[in-house]
Amino acid sequence: MRQMPFRPGNEISQSYNSGVVTVYRVTDGARPGFAPAPVLEKKAVLRYEEQRLGLTRLYLSRQNQVRVEKVIRVPRGPEVSSRDVAVTEDGRQYRIDAVQLADRVRPPSLDLTLTKAEQVYDVSKSDTEEGGSA
């Protein structure tokens, strides 16, 4: 990250060079009256920068019996919530545990805390290669 002298309040210019993440909304794909069938609905395809997973966050998550895998920073834009699923370009699925606003960076960004997904959803290869909103 590079600090630009003309940025107000000493803001840092953020790059997103670690990879691409696809954010999905989990919806119920079952017909009315049938057992729930969770289905992923694509929300956005975003570039991300992997952030350092601090010791405090790591140990607090372990106290709550949650396994935090990584923290990524994405550009702010589409609505991302803690009920969504994130799939990285290597096909790994994560549950979004927390969404936080990143302070003092340009462009405006969000930090997503990703945990190991308990349920693995069926994501077709063609769906992950399609373009989405950025």
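**View 1. Helices and strands along the chain.** Helices here are DSSP runs of H or I with at least four residues, and strands are runs of E with at least two. By that count, this predicted model of the protein chain holds 2 helices and 9 strands. Of the chain's 134 residues, 36% count as buried. Among contacts between residues at least 6 apart in sequence, 61% join residues at least 24 apart.

**View 2. The largest nonpolar core.** In soluble globular proteins, nonpolar side chains tend to be buried together. Here the largest nonpolar core has 14 residues, and those touching the most other members are V21, L46, I72, V74, I96, L112 and L114. At least two residues of this core come from each of strand 3 (19-28), strand 4 (38-51), strand 5 (68-75), strand 7 (93-102) and strand 9 (109-116). A second, separate core has 5 residues, among them Y24, L40, V87 and Y121.

**View 3. The surroundings of I96.** Which residues does I96 touch, not counting those up to four places away in sequence? They are V23, V80, S81, S82, D84, A86, L112, T113 and L114.

**View 4. R76 and its contacts.** R76 lies in the loop between strand 5 and strand 6 (85-88). Because its relative accessibility is 42%, R76 counts as partly exposed. Setting aside neighbours within four places in sequence, R76 is in contact with L101, A102, P108, S109 and L110. R76 and L101 are 25 residues apart along the chain, with 8.4 Å between their C-alpha atoms.

Methods:
Residues are numbered from 1 along each chain as its sequence is written. This is a predicted model: local features need pLDDT of at least 70, side-chain atom pairs count only at pLDDT 80 or more; totals for chains, interfaces and linings use all residues. Side-chain values use heavy atoms; hydrogens and water are left out. Buried means under 20% relative accessible area, exposed over 50%, partly exposed in between (1.4 Å probe, protein chains only). Contact means heavy atoms within 4.5 Å. A nonpolar core is a set of buried Ala, Val, Leu, Ile, Met, Phe, Trp, Tyr and Cys residues joined through side-chain atoms within 4.5 Å.
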